[in-house]
Amino acid sequence: MNTETKPTVEMEEITINTDVLVIGGGPTGVKAAAEITDNGYKVTLIEKTDAIAAGEKSIEALSGTCLVDTRGIPGDFTVRLEKKGEIIEQKVGAIVVATDAYYEPLNEDYGLTLADNVLAQSEIEAALDSDAAAFGKKTVAFVTGFYHESNPMALERILSSALVLQGQGCTVYVYVNNIKVAADGLDLLYKEVRDNGGTYFKLETPPEITRDGATLTVTSEDPVLRRPLEISPDLIVVEEAILPDDLNEGLAEILRIHTGPQGLLQKNNVHRFPVSSNREGIFVIGSARQTCGLSAALTDAENVALEVENLLGDGKRTVAVDQAVVDRGKCVICLTCYRCCPHGAIYWDNRAIISPVACQGCGICASECPMDAIQLGDFKDENMQKAVKESIVAKDDEPNIVAFCCQNSAFEAAEMAAEFKMPLPAGLRMIKVPCAGKIDIDFIMNAFVEGADGVMVMACHAGNCKSDQGNTYAEWRVADARRMMAETGFETERLRFVTLASNMGSEFSSIVVEMEKTLQKLGPSPLK
Amino acid sequence: MVIGGGIAGLTAAWEMARKNIAVDIVEKAGFLGGHAIQYSCKATDECQQCGACSVEAMLKNVVNEPLITVHLGFQVEKVSKNGQFEVFLKAGDIDNPNNENCTGAYETAPMDCAAARGYSRHNAKFYDKKGRLDPEKTGKAEKLAVDAIILASGFQPFAAEKKPTYNYGIFDNVITGMDLERCKRAYGELFRPSDKRVPEKVAFIQCVGSRDERLGNLWCSQACCPYALRSAEALKYKYPDMDITVFYMDIQNTGKDYSEFYEKCLGNLNFVRTIPVDMYKTEDDKIQTRFMDDEGNPAEGIFDLVVLSIGITPGADNKELTEILGIELDKDGFFQAADMLSPTMSAKEGIFIAGTAQGPKTIDVSMAHAGQAAREAIRFVREAK
């Protein structure tokens, strides 16, 4: 019952550059560089500061160096590096962003200035390292998680310091909102500090902290006794936020990759996890993409070695000749495609050119091109229109629904519904598309012209599109189509936009059955 | 060889196959995908990044990959090392989640049998028309010779019966997070087991089986706050009038933009910082519980449905597997990794650990961990050659 366009198989082999640029000379970047070198690729490691963590000799390590410009496509990037005013140009096949995070004390949140008796977490760590005994028998209060949601890495640092202090006979208080124990071994550490006599005040609102010369007072409501509780510690330790490198924003611009929440790189999208970016050949790892500890960052470094090898292989790539092709005669270099391509796969000389290595075949460019100059190998306009024609069922008693389904989500859900024999309308015909972004308004209108009673555009949920915005384009086009339908007096209920995930077979079934009911009420299409 | 066909095992197998390494997956159950394949999509008007669909996608990769041989319904009986690892398999205890045996019924009532296929159509291909595992497609070899072993045997969900005051298994309308997932996966809806109606008032109880000194489970399961909050948000979106309360000790971070997500939850859900202990059934088939509210006053909650956010506990076969493989468990009963910086290395050369076998993890973290294990195993195999 599905109309699929036939895949084409004409392939060609191309040669790609297999050198790799790693940005960030902290432990994550060095580990990634070592792993990638181990796979037989030549790596250049750059670090903005003068300090690069010790690594293997075979890696070309440039300290005091920044990336200033990138051009080209995966397998053939040209990067310009600046080392103390000097510009170095290099060709690389892939780029790994491994910038580190830094700590920022949150004392201002608590109305505190750092002093001898108000230390940031990093300061107490350093002090404990050099002379723990100096803290002997002091009363120490930690504050964390009131103005910013904390995280397990921050808690682990606090508890580790608390344990050392307890070893020096200190009394430890921890003022905390949600205790972030979601990491291996942390719940145990939390209990160890408690069993050593540490006290946790779990509060929903921040404690009040006052400082009068050398005297500190922390006031909070005792959650058990429900009365104000005053403590005068010798020392307050303020938590630190873990923030992504300031370089990230600039790098995102230079590399044309997306930023996510809190200045991290990589959008919050499951298809990008763990280490991919929106652009093929550019990877983001460790603290560049998530708030994480060293263990998780090193896990990323090993994952990126896998991904780099998947991309670069032995320097030869086989690509489909006609995956996405620009018609030289039709292209007017308006650069619509360049702007809408979520994968940064398009560049130009005297016309737009689509890199077969970078292209993910979503077809957003083909649908957005105002000159119809772009055709997608497996999903050419003529094939799509043919598929629309073949989806028309001339039967009066059953509504004919033409459903354009994204192959990543709705089409999978439809197959699940079919496999488990969930109810599906007899007049339902699915047309598989590479991404909802490839559903032209022409296809929708044509389906009605050909006699469909109803048309459905079925995309991924917002934030789950492999091509980021394919579903948004589809939603816009449906809105446009509905406006046109309303103007001509055609029932807009005949066109629906829905979002689904691949595992929503039962939802697919109920949505199309509901559509069938709607169409039964409306009766056959007036265009039939 | 990969032991276990859950999300970690699938990811590790797929990554190795991409590097032209032939892989055998040995899975004791009758389907691939483990627990995670049974999880439902938790999108509201937008994706909440739970990763359930990633499992579906990874399963599709694996079942279509010729370099991967799947042995369903088998488990490892003995492993001996003689250059390569020699692995002997035995029939697995096929524990399908709902204890259904749907042999023969699949052609007529396939949805009732979907549970036995992990609710995924990609598992259907392992079955013959009668609904039995097809030995032609699921591997018959009773002995394998392999260069490396990835142990991805997963976890078992905490058995809620071990907290008897919740009356799980006795009261119909006390269900677990796993039950909720299966209900949503199969029917696309959440309803009360007792009357098949959509509940109006729902409670989620966090930390059931986790961070529990009395049980000796001194770990945070790391996945329950994310799944409970995302499920609650998805329910609230689908049923805007649903009144949802989350009972908790400490809310753990969910996803990459956890602050924003948590803010949203605070607006949509009621949070009560206490864990209720006793559950009673009212005459009209609701669940009643008592607790101290935020002001310290005794309060009473009556709910149509109570969802126990059960945690991740060590796999049932872990002890047996330590004997077969000659590796160690940690103090919590998960497999011991060499150290925090090499969390996929076991103490034995050529054996690597992936996913929740090593400790509690969410789907995305399991996949990254499995990628790391695959990377180590690939290095080992290449160096051995």
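How many Å apart do the C-alpha centres of domain 3 of chain A and domain 4 of chain A lie? They lie 56 Å apart.

## What you're looking at

This is a predicted model, where local features need pLDDT of at least 70, side-chain atom pairs count only at pLDDT 80 or more, and totals for chains, interfaces and linings use all residues. Residues are numbered from 1 along each chain as its sequence is written, while chains are lettered from A and ligands numbered from 1 in the order in which they are written.

## Domains

Domain bounds here come from an automatic or database domain assignment. Chain A gets domain 1 (2–10 + 322–378), domain 2 (17–100 + 245–314), domain 3 (103–241) and domain 4 (380–522).

Chain B splits into domain 1 (2–154 + 315–384) and domain 2 (157–310), with 29 Å between their C-alpha centres. In chain B, 20 residues of domain 1 are in contact (C-beta atoms, placed from the backbone, within 7 Å) with 18 residues of domain 2.

## Where the chains meet

Chain A brings 51 residues to the contact and chain B brings 54 residues. On the chain A side, the elements giving two or more residues are α4 (186–195), α6 (294–312), α10 (410–419) and α13 (505–522). Of these, α6(A) supplies the largest share, 11 residues. Helices are DSSP runs (H or I, at least four residues) and so are strands (E, at least two), numbered from the N terminus.

## A hairpin in chain A

Strands β7 (residues 76–83) and β8 (residues 86–92) of chain A run antiparallel, joined by 7 bridges; strands pair if DSSP finds at least two bridges between them. F77(A) sits opposite V92(A) in β8(A). The two strands form a hairpin with 2 residues between them, and K84(A) in the turn has a positive phi of about 50 degrees.

Technical notes: Two residues are in contact if their C-beta atoms, placed from the backbone, lie within 7 Å.
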